[in-house]
Amino acid sequence: MQLKEVLDKYPQSEDYLIEILMDYQKHKMHHDLTEDELKTIATHLNIKESKVSSVVTFYSLFSLKPKGQHVIQVCHDVPCHVNNQPDVLSTLKTMLAIDIGQTTDDKMFTLEYTSCLGACDKAPAMRIGEKTFTKLTPNKIKAIIAEYRGRKHA
Amino acid sequence: MPEHKMLTKRIGDINPLSIKDAMEKGSYKQFKKALSMERIDIIDEIEKANLRGRGGAGFPMHIKLMSTAKQEATPKYIVCNADEGEPGNFKDRYLMEKDPHMILEGMLIAAYAVGASRGFFYIRGEYDQAISIMKWAIEEAKEKGLLGKNINDSGFDFEMEVRTGAGSYVVGEEFAMIESIEGKSGRTRVKPPFPTDEGVFGMPTLLNNVETYCNLPFIVEMGGNNYKKIGTPTSTGTKLISLSGNITNPGVYEVPFGTTIREVIDTLGGGVPSDRKIKMVQLGGACGPIIPEFMLDMQIDYERFEEFESKTGAGAIIVMDDRQDLFEVLLRIVKFFEHESCGRCTPCREGHVHLEKLLRKFFKHDGTPNELYSLESLARVIHQSSLCGLGQSSPISIISTLGYFRNEFHDRMAFDGGEES
């Protein structure tokens, strides 16, 4: 989706800044926002570029760096931690051969931490894009990753 | 004591994606009844019911309602706080995904009572499914004429929209949320003025948690005097509990206030799996106290929780068995708050960094009596000198464990026999 299409969806008012940024970033292949895009949004909403920049850097879900096509976010808060047997993060690190904060060479996956996903009753949990996966086991993680890898060729 | 299903009674029975189904099962009946009542009488019933906030702070709702209602400035706004970011809590997600119209009905009653014309439903960005369901529910309510102009020919106008968060815990704090709704970074404001005086866009704003609003249709239906028969004299009604951790049956349970934590864990949760022992239980979420097994007979009650110098919390109970290491848990909690501090208050911004350093020493069995003293005093400084609920409550886990699990801190020191200085 083009930035202009997203801007046209919302009232031209600065209180929609976060909505616009979230909506647009979701549609981008590598889930990042560029300086030029921030400039365009600032001009459109008639606010300072520095303000847009401060909002983007305040909220954890925004990124100024390109990520993999699928961002895997692993919960590491207490309810998931006490149910984390076997270790979800180690399984993912081994499977993808990357560390937390890194992206696979084929730009398919980025591995991140997330704060609580509110799925504590089905711990351990992780989120890929807009989908939350729960009650994770190594086999389940393998199946999920294989499915996402398969989509590349689909 | 069994569950007392009021808010959750029809969950599982209704289709959250169908307003028709929800209305056939009673949705919006109490809102229509409220429209025929005097505004002051609705607030009066809520005062009689003694409804207190379910988001964590437990503030009496009628005070907020009255304070917003008496403002002359318009437009007035109403906000639903669905930024459920406190680790261990998932009851608001459950309510949104299972019965969205109950929440909307509660908000409509509150909006009518205070004379608000526009509502913001603020949901954290991580809750994709809840966001879709609430947006759909609002669209359906518009089509049915329950939102918009001259609702039910009452002359009452009210519109509502969903706003999404973007990954910030502190935005769950009322003024940080108001800043976020205005499109800004979520940093709190100095109070007073309170949101009911100057909230969103500087206008009077009523802001409450999802579960709090859900209670309003029931209060309108049964009246405040009947409502307050549920629970205890000081804490009326029911509380949704998010039960997680090392527990056989994790999930959301609705219990009357006065139920003990042990009843929730043993009777409803089925106890700890594999016959292990409970080592500790965290109440409320990351911002809450960690208590030992012998304290579990404590009642879930606003008054009881005051002994922890903390607020009631949103109702999370996180059970940890005897395999869990207290220091690993504390480190995770401190790192969480270190990341989520908005940076405005120095004790909170800098303090968590040093709390982590100090805890790491104990984690590695390398603490000293001086470091124990520093940890304790720093935790108290953050607790007492931060502007918002984040810094005020983030050190509660440390403060509580320094009381109940002090031996473990001593056991983690680099040498034995040192007196605390």
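Trainee: Which residue that follows α7(B) has a positive phi?

Mentor: B:G145 does, with a phi near 75°. Keep in mind that we are looking at a predicted model.

Trainee: How do you know what span is expected for helix α7 of chain B?

Mentor: The expected span is 1.5 Å times one less than the number of residues. Helix α7(B), residues 128-143, has 16 residues, and the expected value is 22 Å. From first C-alpha to last, α7(B) reaches 23 Å, which is close to that expectation.

Trainee: What makes residues of α7(B) such as B:A130 count as buried?

Mentor: A residue is buried if 20 or more other C-beta atoms lie within 10 Å of its own. B:A130, B:I131, B:I133, B:M134, B:A137, B:I138, B:E140 and B:A141 are buried, so each of them meets that cut-off.

Trainee: Why is strand β6 of chain B called mostly covered?

Mentor: Five of the six residues of β6(B), residues 251-256, are buried. Each of those five therefore has 20 or more other C-beta atoms within 10 Å of its own.

Trainee: How do you know that β5(B) and β6(B) pair?

Mentor: Two strands pair if at least two bridges are found between them. One of the bridges joins B:T238 to B:P256 in β6(B). A hairpin of five residues leads from β5(B) to β6(B).

Trainee: Over in chain A, why are β2 and β4 said to stand at the edges of the sheet?

Mentor: The open sheet has four strands in the order β2-β1-β3-β4 (chain A), with mixed pairing. β2(A), residues 109-114, and β4(A), residues 131-133, each have a single partner strand, so one side of each lacks a neighbour in the sheet. From one strand to the next, the twist averages 25°.

Trainee: What makes β3(A) and β4(A) a pair?

Mentor: The threshold is at least two bridges. β3(A), residues 126-128, and β4(A) have three, in the antiparallel sense, so they count as a pair. In one of these bridges, A:R127 partners A:T132 of β4(A).

Trainee: Which strands does helix α6 of chain A lie across?

Mentor: α6(A), residues 88-96, lies across β1 (70-75), β2 and β3 of chain A, and runs at about 150° to β1(A).

Trainee: How many residues of each chain are in contact with the other chain?

Mentor: Chain A brings 31 residues and chain B brings 39. Two residues are in contact if their C-beta atoms lie within 7 Å, so each of these residues meets that limit with a residue across the interface. On the chain A side, α2(A) gives the most, with four residues. By class, that side has 17 nonpolar, seven polar and seven charged residues.

Trainee: How far apart do domains 2 and 3 of chain B lie?

Mentor: Their C-alpha centres are 22 Å apart. The contact takes 14 residues from domain 2 and 13 residues from domain 3 of chain B.

Definitions and conventions. Residues numbered from 1 in each chain as written. Chains lettered and ligands numbered in written order. Predicted model: local features only at pLDDT ≥ 70, side-chain atom pairs only at ≥ 80, totals over all residues. Helix = DSSP H or I, 4+ residues; strand = E, 2+ residues; numbered from the N terminus. Nonpolar A, V, L, I, M, F, W, Y, C, P; charged D, E, K, R; others polar. Buried ≥ 20, exposed ≤ 12 C-beta atoms within 10 Å, placed from the backbone. Axes fitted to C-alpha atoms, helices over the stretch in contact; angles between N-to-C directions. Domains from an automatic or database assignment.
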